[in-house]
Amino acid sequence: MEVLKRNYYWWNKWTGYSLLILLLVATPLFTIFIKLFDSPGGSWSHIANNLLFGYFQNTILLLLGVAFFTFLLGVSTAWLVSNYEFPGRKYFEWLLILPLGFPGYIMAYTYVGILDYTGPLQVFLRNTFDINFRGSVIDIMNLPGAIFILSITLFPYVFLISRSSFVGQSKTLQEASFLLGTNRLKTFFKVALPMARPAIVAGIALASMEVLNDYGTVKYFGVNTFTTGIFRAWFSLGDSSTAIYLAAILMVFVFVILYLESIQRGQRQYSSVHGVQRPTARLHPTLWKKLFYSGACLFIFLLSFLFPFLQLIHWVSMTYSKVVNKDFFLLIYRSFGLAAISGIIIVFFSVVLLYALRLSPFKWVKNITKIATLGYAIPGAVIAVGVMIPFIGLDKWIYGTLISSKTAGLFFSGTLFALVFAYIVRFMAVGYNPVEAGFQKIGIHVNEASRLLGTRSTKTLWKIDLPLIKTSLVSGIILVFVDILKELPLTLILRPFNYQTLATKAFDMATNEMIAESANAALIIILTGIIPIIFLNRLLK
Amino acid sequence: MSILSLKQVNKKYSQEQEFAIKDVSFEVEEGEILALVGESGSGKTTLLRLIAGLEHPDSGLISLSGQIIVEGKKSVPAHERQVGMVFQDYALFPHLTILENVKFGLKKSHAEKKAKETLKLVGLKEDYNKYPHQLSGGQQQRVALARAIAPNPKILLMDEPFSNLDALLKDQVREEIRQIIKKTGITAIFVTHDTKDALSTADRIAILHKGYLQQIDIPKILYENPVNPYVANFFGKRNEITAIPSEEGYYTSFGFITDPEAKNHTGKIKLLFRPEHGEVVQRDGQQLTGKIVKISYFGSHQMVKLADDEGTRVTIRTNPGRSFEGMERACFYLWKYDVEEAF
């Protein structure tokens with residue numbers, strides 16, 4: 001008998017490529033982790049004695065405050081929109097998601113501008129009621145202000161996920177509750193809310209991650225958190241070891257949140273609602289209630305999106321002739337280019353990781369690929385620091401060993417390469433998830449059928465799998481594109497000298513009291529952010 | 001000459017401690033149609049996928065056309081095995097036309113001609129440039145079949161080919177598929193949970209239960225000489241009553257059966273018989289009666305359930321015209337039964 005012996009089936013080139021990608025992506029995270037056991041730098045004692053407690057306190061208060069308000073705003077609006085009919089309900093379904101397109105830092109200084117002496121609110125009050133304020137109407141440049149800003153930009157996460165959950169809940173369960181004599185309000189608290197709890201907590205966890213990631217808002221408002229501490233240690237104190245140590249502590253916060261979220265979820269896998277929704281019978285409340293519900297949603301929408309948006313447009317109309325010039329277009333070109341390239345690379349890596357998973361049915365492959373997506377939970381500043389360390393080390397080695405030049409040089413660090421690398425680590429999940437959903441949708445059988453017809457795995461990917469997941473690939477690129485455009489802390493740390501993106505430029509100008517001018521860059525960020533939001537809404541429906 | 005040979009094939013699912021397939025060995029002859037029959041979870045689909053190369057066993061040997069394709073942890077990848085497979089959901093490529101689907105596994109030189117020939121063979125003539133979603137389920141299945149057999153694979157595998165069809169269509173499709181397969185002379189294995197599919201389409205049937213191969217044989221032998229109660233019950237109900245042998249026959253709780261063979265047995269025994277091995281009439285040599293518990297009408301026959309005083313029940317088949325009106329008890333007669341030692 002002829003014996004056809006071939007390679008061991010549990011190892012193939014796809015598993016190999018995946019491991020390579022994973023090694024790449026996991027390095028920064030791993031670096032930070034081990035640095036936790038290293039000794040922190042010289043300024044550590046100063047920070048530990050004077051500032052550390054403040055960092056802890058502010059961070060925890062921010063987290064609690066935002067968790068509370070996003071819960072309030074997100075769950076109430078989600079409940080209204082999924083259960084009642086009132087004027088404008090259909091529009092609020094997606095209008096209330098729009099605030100996600102507003103990065104925190106832009107919302108922050110926009111509101112400062114709105115409430116300022118020359119802002120529309122005071123002008124209106126002065127001209128109509130002759131009320132005068134010294135300075136701003138309310139001073140929001142503090143911790144409560146930061147909580148307010150972050151809550152109104154992040155509540156859509158809770159809104160989206162809760163809405164999905166409420167819509168997916170069986171109406172019969174609630175009806176059973178009514179028949180047993182519980183009124184609507186009690187039913188909400190005793191039936192609907194507990195059932196949606198895992199989803200709500202997942203939404204709040206997501207919002208909390210974003211709070212930990214935020215730099216622009218807290219810096220602008222003068223709230224000292226771990227992230228501002230990292231920046232200060234890195235830039236002002238020049239103490240990278242301390243910055244790393246702070247980053248590591250911040251990571252612990254992240255893992256605590258992730259851990260809490262997973263234990264309350266239990267064995268359940270959170271998954272969004274799939275398939276066709278049976279039309280839910282919405283209730284028709286009385287006229288006054290209808291108006292109240294509409295009014296509430298409208299109020300939230302105005303506060304969280306429309307007013308700031310209109311303010312930005314107003315500023316743009318005032319300053320565009322000054323700002324929009326050749327340099328501005330260069331700025332757009334650079335930002336878009338950076339985001340697009342990173343998006344394409346991320347989707348490419350995601351395809352490789354997911355295809356390896358598709359071909360190897362082993363559990364450990366799945367766990368390994370999940371590590372690649374961890375970066376999304378880690379704050380940008382932490383990743384920036386985590387990318388810098390090996391790169392600086394690599395540079396030292398290159399210049400020390402390979403080139404042996406007396407002058408210090410930067411081969412990797414401080415280049416676009418480092419920036420793109422960090423984007424990949426941070427935003428891998430954003431490309432990974434749509435591609436994963438795409439592969440799941442087409443199923444494994446078409447791939448298997450192709451292979452059984454004699455086509456090897458690589459050719460099958462090209463001829464069968466990829467054409468069938470085209471829309472997922474495009475979604476992935478678009479979603480990554482938008483997220484990178486908005487990104488601030490990571491870009492601030494890793495950008496090459498004098499290299500600006502739309503986000504850094506907007507932030508720079510705002511911090512230099514050129515708030516109105518910064519609106520031009522800000523508006524572009526927000527407009528590009530809105531497109532996928534409307535698109536995302538259709539996906540989740 | 002056996003086309004496919006499996007020896008001591010084992011597969012465990014990593015999470016559970018249980019085996020999906022345990023110590024399975026059998027051979028398939030050239031040109032025969034084998035049915036793999038079993039309940040959900042019996043391992044039948046896993047076995048099919050192991051032969052296809054879509055999954056790999058933990059140990060064992062698989063040979064195809066004289067070449068070893070799996071030995072322990074080493075295996076020939078799926079795309080080199082020349083195995084044709086029709087999936088339960090057909091897995092047609094939605095972005096390619098019917099013709100392109102069938103041409104997919106063929107070499108460019110004769111692809112067009114062979115593809116059209118095969119489509120004609122399965123009964124599809126004009127739909128070449130249509131896309132899969134434009135065809136009915138039955139037509140899609142034919143395309144899947146054409147696509148699988150066009151490259152002249154060494155063996156054809158089919159996963160639950162009749163499960164998606166309604167009862168009326170099933171008979172017709174079973175017959176057509178058997179004819180197509182026999183026409184091409186290809187060896188085929190199909191997986192099903194429905195014994196009727198197996199009985200009407202296959203040459204031999206293999207019964208799987210909890211990963212073990214129970215019995216593999218032609219239908220007649222499986223039916224008349226099952227190796228264990230599981231196989232016996234697979235093809236239909238089998239009645240079981242205890243009896244005490246004497247010189248002339250057997251004493252049962254339903255009455256006495258005259259049988260000269262009875263003197264060869266001592267101690268309690270079991271009488272095993274199928275519903276169609278009896279009749280609900282009184283005949284010489286047996287005095288069996290029971291209380292009528294239930295009569296089920298099936299159009300072509302009736303099933304009468306009779307009980308003894310202790311509650312043991314037997315089901316006897318009878319013709320549809322027999323009336324039991326006003327009767328509380330009925331006599332029955334067994335013209336065939338197996339005898340087994342009772343423990």
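Start where the two chains meet: select chains A and B together, and you'll find 22 residues of chain A in contact with 28 residues of chain B (contact here means C-beta atoms, placed from the backbone, within 7 Å). Keep in mind that this is a predicted model, where local features need pLDDT of at least 70, side-chain atom pairs count only at pLDDT 80 or more, and totals for chains, interfaces and linings use all residues. For your selections, residues are numbered from 1 along each chain as its sequence is written, while chains are lettered from A and ligands numbered from 1 in the order in which they are written.

Helix 18 of chain A gives the most, with six residues. Colour that side of chain A by class and you get 12 nonpolar, three polar and seven charged residues (Ala, Val, Leu, Ile, Met, Phe, Trp, Tyr, Cys and Pro count as nonpolar, Asp, Glu, Lys and Arg as charged, the others, Gly among them, as polar).

Next stop: A 184–213 and 240–265, helix 9 and helix 12 of chain A, whose axes come within 10 Å and cross at roughly 175 degrees (axes are lines fitted to C-alpha atoms over the stretch in contact, with angles from 0 to 180 degrees between N-to-C directions). That makes the pair roughly antiparallel (over 145 degrees). Show side chains, including A:Val201 and A:Met209 on helix 9 and A:Phe253 and A:Ile257 on helix 12, which are among the residues that meet there.

Definitions and conventions:
Helix = DSSP H or I, 4+ residues; strand = E, 2+ residues; numbered from the N terminus. Parallel < 35°, antiparallel > 145°, perpendicular 65-115°, else oblique.
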